[in-house]
Amino acid sequence: MLRIAPERIERSLLETAPNRPQWGRVVDGDWDERSEPFDDRRVPRGLEQRFDEGKAWEDTALYDAYVDQLERFGNAWEYTTIADFDRRCQEIEQLYESIQRDGYREQAELQNKGKTVGVRADEINVDIGRDGTIYWRAYGQHRLAIAKLLAVELVPVVVQRRHREWQRVRDRVRERGQVAAIEEYRGHPDLQDIDGVEAV
């Protein structure tokens, strides 16, 4: 698990999610070449429309995302009817207020206090592309969007997979003993476990 500034996660991958989580895998290929801005996704856009622009939930992109999820999968964030949309929005408002009041907390900490069923794997999941770009992958989309809106300093993330070329960068840093050996990557949060650098 890494701690990174939410604004570092600017992109989201455009690919079908694999059947099983990819946690800890190093994967070659072109999977990191098709992405979109994270903030353009309907969930982040809808939360911005609600919390920054003051729109009614039904007039936000989140409503469209909710309806689309129901139609495609038969559920939307564990709810199965359009009537549940209000309840989901109340949960999001409570989450926003909690992060604003208490700061961003790890899912394991919340679970231990009985406030959620989340586990470490339920943290924001990211992939890291060949050039070190950090992509939102799965889980925690609402939390990440809220953290960005509230300018949270750092959030915990779990790396699902790294591109093989990025892993080669990590290996070179490890071999040379310090991140400064590869100047262009100084301060990259995925090198902090190797060199003890501060996350930025």
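Reply: Let's start with the layout: the protein chain has seven helices and seven strands, where helices (H or I, at least four residues) and strands (E, at least two) are DSSP runs, numbered from the N terminus. Along the sequence they come in the order β-β-β-β-α-α-α-α-β-β-α-β-α-α. Keep in mind that this is a predicted model, where local features need pLDDT of at least 70, side-chain atom pairs count only at pLDDT 80 or more, and totals for chains, interfaces and linings use all residues. Residues are numbered from 1 along each chain as its sequence is written, and side-chain values use heavy atoms, with hydrogens and water left out.

Of the 200 residues in the protein chain, 44% are buried, meaning under 20% relative accessible area with a 1.4 Å probe, protein chains only (exposed is over 50%, partly exposed in between).

Now the close look: His-188. You'll find His-188 in the loop between helix H6 (164-176) and helix H7 (192-195). His-188 counts as buried because its relative accessibility is 5%. What does the side chain of His-188 reach at 2.9 Å? That's the backbone nitrogen of Asp-190. A polar atom of the His-188 side chain also lies 2.7 Å from the backbone oxygen of Gly-132.

For contrast, look at Gln-100 in helix H3 (residues 85-102). Gln-100 counts as exposed because its relative accessibility is 51%. Gln-100 and Leu-149 sit 49 residues apart in sequence, and their C-alpha atoms are 9.9 Å apart in space.

Conventions. A polar contact is a pair of N or O atoms within 3.5 Å; within protein, one must be able to donate a hydrogen and the other to accept it, and residues adjacent in sequence count only if both atoms are side-chain atoms.
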